[in-house]
Amino acid sequence: MALSNPTTLKHGLSMWCNHQPMNSASSLGGLKMNRVHFQPSFVPSRSFSRRNYVAASSFANENREFVIVGGGNSAGYAARTFVEHGMANGKLCIVSKEAFAPYERPALTKAYLFPLDKKPARLPGFHTCVGSGGERQTPDWYKEQGIETFYEDPVTGIDIEKQTLTTNSGKLLKYGSLIVATGATASRLPDKIGGNLPGVHYIRDVADADSLISSLEKASKVVVVGGGYIGMEVAAATVAWKLDTTIIFPEEHLLQRLFTPSLAQKYEQFYQENGVKIVKGASIKSLEANSDGHVTAVRLDNGSSIEADTVVIGIGAKPAVGPFEKLGLNKNVGGIQVDGQFRTSVPGIFAIGDVSAFPLKMYNRIARVEHVDHARRSAQHCIKALLTANTSTYDYLPYFYSRVFEYEGSPRKIWWQFFGDNVGETVEIGKFDPKVATFWIESGKLKGVLLESGSPEEFQLLPKLARSQPNVDKAKLQSASSVEEALEIARASLQD
Ligand SMILES: Cc1cc2nc3c(=O)[nH]c(=O)nc-3n(C[C@H](O)[C@H](O)[C@H](O)COP(=O)(O)OP(=O)(O)OC[C@H]3O[C@@H](n4cnc5c(N)ncnc54)[C@H](O)[C@@H]3O)c2cc1C
């Protein structure tokens, strides 16, 4: 978009601003978006219609210029970016379904689930933006910054023409620019097969994690359903509680979306050595209950059943689109479609984090990424684009990580990072103990790399490799006798 008036963007779209689509569609990374010319903010538009007039006093929010819906990871980082630009005080309002100020959600299946005698994390310890070394934004921080907050009151409706929102409690909110940061919700097993029985848990927020902890205090047999990030993290936690733990999943191995069979085998062995039982290729028929209705077992399609008094389901998540469906969804990946600056098809409305379907420039495809690094970066990019003359396209490098067995006294802390794209052939170096690395190579180029238990310097090399995609000599890489040597070969290929 050619910016004819950068000052306009410094203030975002004013609630009194007329914003007419040019009706021209420009293409970006395969995404067609309407481009908009902005009128200066704060100037009542001549085309403002009396028909739309609602007395300002009818609105529940005092800060109306910018409204963020959602109080999770991306909302917290967006708030920080507003503050950094001096555009929060008296202007920004956050409306959240949760009872807490934004926090670093990944902690919920990591330090939050440490056994109670191993110093588990609790709020306010992990409010955003501590995950990236930033300030701890407690509820007081929002007050001090002049940011208005509404907690435990989800937005249930939007009137795009009037630029208003309605909440579950019946509040009417006004916005100038709107940022949708509603994240995702945990996928559930159907009620008819027992997905809602007492003792069955899903983990998305602090309330869910607290409910799981109160079950774990009484539990003896835990079944974790799902072999992805959540399942692996929960199983690692429940064995630390010394609970009989079984993880079951339909795939052939753990984290099938990313791990190679050989890499997964190393993690599976470590889990088994630490007391986790693994049942692969298993599909659930139903969850059984006793006469009190509490879960007692997980029945599998093959007729067998596994006893359980606590079941944790980690089978993925769905974008929390809620009332924002009308902004335009992406049919393939779900979520609200945005361009490289997180603008939806409606002028003045943006979507960030898990709920956004954005152009992944590096790989020329539309993606929805449910990871905290994207939540943080998309928030920062979107708000900078909104408040400044920055019109650069978001250029995200996929980054995933997990950390397990990190509690005090653990036999070994496990921490891996992955950058890039897991496509092509793989070369694996190392025996897991003490570390292991996997390189993905396609058409001679290094596309992705995963490292377990790297040093800080080694981890810093990974994004450089995945971003540059250097040509690598596969045979030379395969001949490396250690992870360190393999990383040196990869590093040298950056200079070629
Ligand atoms: C248990 C767990 C562990 C994770 N671990 C990792 C990890 O190790 N590494 C990693 O990279 N990523 C991890 N993730 C993913 C990461 O936390 C998410 O990608 C990130 O939180 C997304 O940020 P977000 O702001 O888009 O959504 P969220 O952080 O989910 O925030 C969305 C917020 O919007 C609120 N909301 C929803 N609908 C409405 C509405 N209608 N009105 C008002 N508010 C609404 C929600 O209640 C929530 O507060 C994990 C996620 C979970 C659940």
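Is the crossing of H8 and H10 left-handed or right-handed? Point 6 takes this up.

1. Basis. This is a predicted model, in which local features need pLDDT of at least 70 and side-chain atom pairs count only at pLDDT 80 or more, while totals for chains, interfaces and linings use all residues. Residues are numbered from 1 along each chain as its sequence is written.

2. Helices (H or I, at least four residues) and strands (E, at least two) are DSSP runs, numbered from the N terminus.

3. Sheet of 3 strands. This open sheet has the order E15-E16-E17, with antiparallel pairing. Its edge strands, E15 (284–289) and E17 (305–307), each pair on one side only. Neighbouring strands are turned by 20 degrees against each other on average, direction ignored. Two strands pair if DSSP finds at least two bridges between them. E15 and E16 have 5 bridges, and Glu288 has Ala297 in E16 as its bridge partner. These two strands form a hairpin with 5 residues between them, and Gly293 in the turn has a positive phi of about 90 degrees. Strand E16 (residues 295–300) and E17 pair over 3 bridges, with Ser305 in E17 as the bridge partner of Arg299. E16 and E17 also form a hairpin, with 4 residues between them, and Gly303 in its turn has a positive phi of about 95 degrees.

4. Sheet of 5 strands. Here the open sheet has the order E24-E25-E28-E27-E26, again with antiparallel pairing. E24 and strand E26 (425–429) have a single partner strand each, so one side of each is left without a neighbour in the sheet. Strand E25 (residues 414–420) and strand E28 (residues 445–452) run antiparallel and are joined by 5 bridges. Gly420 stands opposite Gly448 in E28.

5. Helix packing. Helix H8 (residues 456–468) packs against helix H10 (residues 483–495) at an angle of about 45 degrees, with their axes 10 Å apart. Axes are lines fitted to C-alpha atoms, for helices over the stretch in contact, and angles run from 0 to 180 degrees between N-to-C directions. The angle makes H8 oblique to H10. (Under 35 degrees is roughly parallel, over 145 roughly antiparallel, 65 to 115 roughly perpendicular, and the rest oblique.) As for the opening question, the crossing of H8 and H10 is left-handed. That term applies if the near helix is turned anticlockwise from the far one by less than a right angle; clockwise is right-handed.

6. Backbone points to check by eye. Most residues other than glycine have a negative phi, and most peptide bonds are trans. The peptide bond from Leu123 to Pro124 is cis, with omega near 10 degrees, and Pro124 is in the loop between strand E4 (92–95) and helix H3 (139–144). The bond from Asp433 to Pro434 is cis, with omega near 15 degrees; Pro434 is in the loop between E26 and strand E27 (436–442). Lys242, a residue other than glycine, has a positive phi near 60 degrees and is found in the loop between H5 and strand E13 (244–248).
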